[in-house]
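Here are my notes on this one, jotted down point by point. Have it open beside you while you read.

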Amino acid sequence: MAKKPLVISTTRGVTFSQQAGQTLLDASIASQFPVPHSCHSAKCRQCIVTVAEGTTHKFRDENLTPGELASGCILACARTATSDLLIEAGELVHKNIPPVVNIPAMVSAIKRLSSELILVTLQLPMSARFHHLAGQHVAVTNSDGIRRNYSMCDASPQDGHIRILIRKHETGLMSRYWFEYAAQGDLLTLEGPSGRFGENIARYNRPLFIAEKEGIAPLLALKASVNTTGLPLFWLGAGKGEVYNAGSEFDGLAESHIQCFADFSETSMQAMQNTLIKETDCSSVDAVYVCGSAAFLKQIKALLKREPFRGLPVHTEVFIPSGPR
Ligand code: FES
């Protein structure tokens with residue numbers, strides 16, 4: 001029978017598995033979260049990590065001092081785990097985090113999903129090397145010099161286009177631009193992508209997504225990047241018409257796949273919890289992704305401390321509503 005992979009967790013929350021025959025370093029590289037490294041032969045010391053819990057086997061000499069060895073330091077390229085491990089390895093960065101670029105973009109479509117919500121499609125230059133991970137955002141600057149961050153709604157650029165969702169804010173300068181005088185053909189500047197909200201999404205099989213208002217955008221991208229058939233996307237603070245119109249814009253997101261609640265009052269939260277328990281196979285949910293205002297996140301976190309979601313990894317992204325900055 002094939003040996004079960006060992007689970008390697010880091011004190012900063014990254015988890016990966018070590019297959020039979022892999023070094024610790026190889027396992028981290030295969031997981032997309034590489035421990036810093038160079039020589040692969042226990043010389044450069046770049047792959048030094050500290051074992052907090054668990055056991056390892058050393059298969060080559062390590063360039064470490066007696067003091068380092070005594071405090072639990074090892075070289076990941078010289079060891080293989082012999083049990084599940086907890087290691088201190090600093091901040092491990094996903095190796096696919098795309099580079100930040102500064103490029104022009106043109107407004108190619110503005111579609112009203114409601115009087116309060118628009119979907120904007122931006123065309124990128126043919127030569128642009130713009131890639132993003134699902135859940136990342138981009139800074140948009142218009143010709144008046146007003147700059148705002150927007151999450152992209154798709155898992156990756158579609159035919160050289162990205163899409164962003166914009167909600168109307170009465171006092172927002174950029175909101176005024178989008179809702180009053182933005183037009184097809186307008187030239188903007190993009191800087192990005194940024195953000196690490198979704199970098200761990202591949203670790204999960206059945207994440208649950210909960211959004212408030214325009215917090216839906218990164219979650220649409222994350223939902224599109226994983227197979228979560230049957231799990232609804234919970235959207236609080238959206239209008240009924242917005243749910244219908246957004247559903248028609250995003251592949252595989254029929255109206256029935258979005259559960260909408262008017263706000264995030266205690267009554268709505270209770271209704272959402274009941275729906276979660278009644279209509280979701282909670283036992284197989286393995287993580288929760290939430291995007292919304294700070295107040296919303298606080299309330300959701302309190303809700304997720306209750307059964308049956310207590311103990312699940314919760315990934316959050318806070319958005320700051322556009323204002324007259
Ligand atoms: S990669 Fe150089 S010591 Fe491990």
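1. A word on terms before anything else: buried means under 20% relative accessible area, exposed means over 50%, and partly exposed is in between (1.4 Å probe, protein chains only). Helices (H or I, at least four residues) and strands (E, at least two) are DSSP runs, numbered from the N terminus. With that in hand, look at strand β12 (residues 161-167): six of its seven residues are buried, so the strand is mostly covered.

2. Some housekeeping. This is a predicted model, where local features need pLDDT of at least 70 and side-chain atom pairs count only at pLDDT 80 or more, while totals for chains, interfaces and linings use all residues. Residues are numbered from 1 along each chain as its sequence is written, and side-chain values use heavy atoms, with hydrogens and water left out.

3. What does β12 run antiparallel to? Its partner is β9, and seven bridges join the two. (Two strands pair if DSSP finds at least two bridges between them.) Within this pairing, Val 120 sits opposite Ile 164 in β12.

4. Tyr 289 deserves a look of its own. Contact means heavy atoms within 4.5 Å. Leaving aside residues up to four places away in sequence, Tyr 289 touches Phe 197, Gly 198, Asn 200, Ile 201, Tyr 204, Pro 207, Leu 208, Phe 209, Ile 210, Leu 219, Leu 222 and His 315.

5. On to salt bridges (a side-chain nitrogen of Lys or Arg within 4 Å of a carboxyl oxygen of Asp or Glu). The whole structure has seven. One of them joins the side chains of Glu 191 and Arg 147, at 3.2 Å from N to O. Glu 191 belongs to strand β13 (residues 187-194) and Arg 147 to strand β11 (residues 147-151), so the pair ties together parts 44 residues apart in sequence. Glu 191 is partly exposed at 30%, and so is Arg 147 at 41%.

6. Arg 306 and Glu 266 also meet in a salt bridge, 3.8 Å from N to O. Arg 306 is in the loop between α7 (294-304) and β18 (314-318), and Glu 266 is in helix α6 (residues 266-279), 40 residues apart.

7. Is Glu 199 buried or exposed? With a relative accessibility of 12%, Glu 199 counts as buried. Its salt-bridge partner is Arg 196, the closest N and O atoms being 2.9 Å apart, and Arg 196 is partly exposed at 36%.
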